[in-house]
Amino acid sequence: MTATRTPVDPAAGGPAPVPVPAPDAAALAAVLADLRAALPAEALVTHPDTLRGRAQDGSATPPTGDPVALVQPSTTAEVSAVLRAAHAHRVPVVPQGALSGLAGGANAVPGAILLSTARMTRIRRIDPVDQVAVVQPGVVTKDLVDAVAARGLFYPPDPASYAQSTIGGNIATNAGGMRCVKYGVTRDFVRSLEVVLADGEVVRTSPETVKAVAGLDLTGLVVGSEGTLAVVTEATLGLLPAPGPDRGVCATFATVADALDAANAVVASAHRPSTLELLDGVVLASLVAYDPDAGLPAGAEAMLLAITDEALGGAEDVAAYEAIARAHGAVTVDVAHDEERLHALMRARRAFNPAMRAVRGGSINEDVAVPRTRLPELLERLGEISAQSGLPIGTGGHVGDGNLHPVIAFDPADPAQVAAAADAHARILGLAVELGGTVTGEHGIGTEKRGALAGELGERVLAIQRGIKAVLDPRGILNPGKKL
């Protein structure tokens with residue numbers, strides 16, 4: 001089945017975002033003239049077909065307007081020139097990476113300049129003594145992981161799309177991924193950033209030292225800001241020594257509740273996993289149909305994947321995970337000490353989103369996080385929303401840190417299903433906040449969840465954050481209509 005992206009009302013769950021006005025014709029003509037003068041010819045694209053192909057990320061949320069140009073700078077100086085021109089003529093700029101995002105954060109707005117970092121792919125430095133890597137934002141996550149591994153080092157952030165996603169995109173959303181339970185998220189590994197401000201000025205947010213508390217944490221503020229505060233042109237990232245080989249346990253359960261109990265016992269044990277992933281029966285069925293050769297168990301109601309990367313004590317970790325799974329009623333327990341088997345399971349796990357989208361041809365990929373004590377209620381009520389909407393909702397994700405990804409599958413050719421999916425989307429966002437959690441753990445707000453933001457943050461906190469944006473971007477040109 002061919003998977004398609006289907007428009008979903010981004011206002012579902014709250015007030016509609018304020019429309020982004022398009023610049024007038026004179027401003028667009030002037031900014032294009034400035035861009036032609038400042039950039040190499042190959043760095044500026046205005047062909048409509050190319051622009052349409054870059055107008056939407058991997059979400060189900062459509063762009064709100066047509067862009068005027070795509071710029072593909074390769075240096076910080078070129079990014080600075082783009083922003084100086086955009087600022088002068090009040091033309092919006094939408095920073096883009098690999099378009100693997102799932103919340104509409106890189107979607108076009110009316111009259112926008114799409115600023116792609118696809119040509120900014122240099123790994124400038126890997127330092128084994130200071131244990132840092134200095135990279136441009138267009139470096140693909142997997143390429144960085146492989147490059148530092150060749151030097152005996154390790155970059156832990158591991159988003160499911162790591163083979164496509166870029167470091168700049170990971171920084172924009174503070175991406176997490178499957179190793180968060182042990183290592184944390186992207187922000188925990190960003191030492192320093194070189195950024196270009198809205199008016200084109202280039203600044204560095206902090207030194208690259210492990211400790212730095214002079215002034216406010218501008219680095220942490222930019223991480224997760226989805227391109228609304230500044231454009232990242234270089235990142236200094238912390239690294240760790242290479243871990244041991246992956247080994248672990250894949251267990252299936254008769255109920256999701258049993259799998260959750262086992263997951264909690266793993267987290268509470270002395271054997272901290274590097275990865276702890278849960279997939280429910282709906283997801284497992286979709287993955288088996290999507291890739292019958294992946295070796296996933298068929299017919300189970302839940303699967304728990306616990307992996308350790310400890311160089312010393314890894315065998316003891318695996319034995320503990322096996323004992324915990326059996327003590328909590330596991331139906332099957334597959335112990336894997338070979339990385340090949342585990343990597344096959346991880347490849348299947350990374351196919352979660354496309355597999356669910358293929359169920360009916362369209363999907364909305366949620367990204368909620370709640371305290372782990374509230375996970376049973378979250379999953380129970382997701383089942384109720386699925387039954388009431390008449391749509392399959394498959395849930396999986398990072399059970400070790402409470403960040404799960406309910407995916408709503410629907411037929412994009414059926415208006416009733418499209419409407420039901422939008423309603424289920426709104427209800428899931430509201431449920432996450434009700435349970436003391438967040439509407440997004442790692443995918444970002446973009447446009448898809450912007451209507452739910454006030455319900456989570458409250459008007460006062462939201463006003464403070466918009467005030468910070470106004471200081472850094474007084475003309476509101478950086479990714480307008482997104483995040484805040």
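Modeller: Before we start, buried means under 20% relative accessible area, exposed over 50%, and partly exposed in between (1.4 Å probe, protein chains only). This is a predicted model: local features need pLDDT of at least 70, side-chain atom pairs count only at pLDDT 80 or more, and totals for chains, interfaces and linings use all residues. Residues are numbered from 1 along each chain as its sequence is written, and side-chain values use heavy atoms, leaving out hydrogens and water.

Biologist: What is the mean pLDDT of the protein chain?

Modeller: pLDDT is the predictor's confidence in each residue, from 0 to 100. Over residues 1-18 it's below 50. Still, 96% of the chain's residues reach 70 or more, and the mean is 93.

Biologist: Asn174, then: buried or exposed?

Modeller: Asn174 sits in the loop between helix 5 (167-173) and helix 6 (180-183). Helices (H or I, at least four residues) and strands (E, at least two) are DSSP runs, numbered from the N terminus. Asn174 isn't a glycine, yet has a positive phi of about 55°. Its relative accessibility is 11%, so Asn174 counts as buried.

Biologist: And what is phi of Asn479 near?

Modeller: Asn479 comes in the segment after helix 16 (459-472), and at 1% relative accessibility it counts as buried. Most residues other than glycine have a negative phi. Asn479, though, has a positive value, near 45°.

Biologist: How many disulfides does the count come to?

Modeller: The rule wants a pair of cysteine sulfur atoms within 2.5 Å. Cys180 counts as buried, since its relative accessibility is 12%, and so does Cys250, at 5%. By that rule, the number of disulfides is 0.

Biologist: How much space lies in the largest cavity?

Modeller: On a 1 Å grid over the protein atoms alone, a cavity is a set of points where a 1.4 Å probe fits but cannot get out; a pocket is an open set with protein on both sides within 12 Å along at least five of seven lines, and lining residues have an atom within 4 Å of a point. Among the residues lining the largest cavity are Phe253, Leu304 and Tyr321. Strand 12 (247-253), strand 14 (302-308) and helix 10 (314-327) each give two or more residues to that lining. The space in it is about 50 Å³.

Biologist: Which residues are closest to the centre of the second largest pocket?

Modeller: That pocket holds about 570 Å³ of space. Helix 4 (141-149), strand 7 (153-154) and helix 11 (339-350) each give two or more residues to its lining. Of the 24 lining residues, the closest to its centre are Val145, Tyr162, Arg179, Asp246 and His343.

Notes. Grid points are joined across faces, edges and corners, and a volume is the space filled by probe spheres set on the points. Contact means heavy atoms within 4.5 Å.
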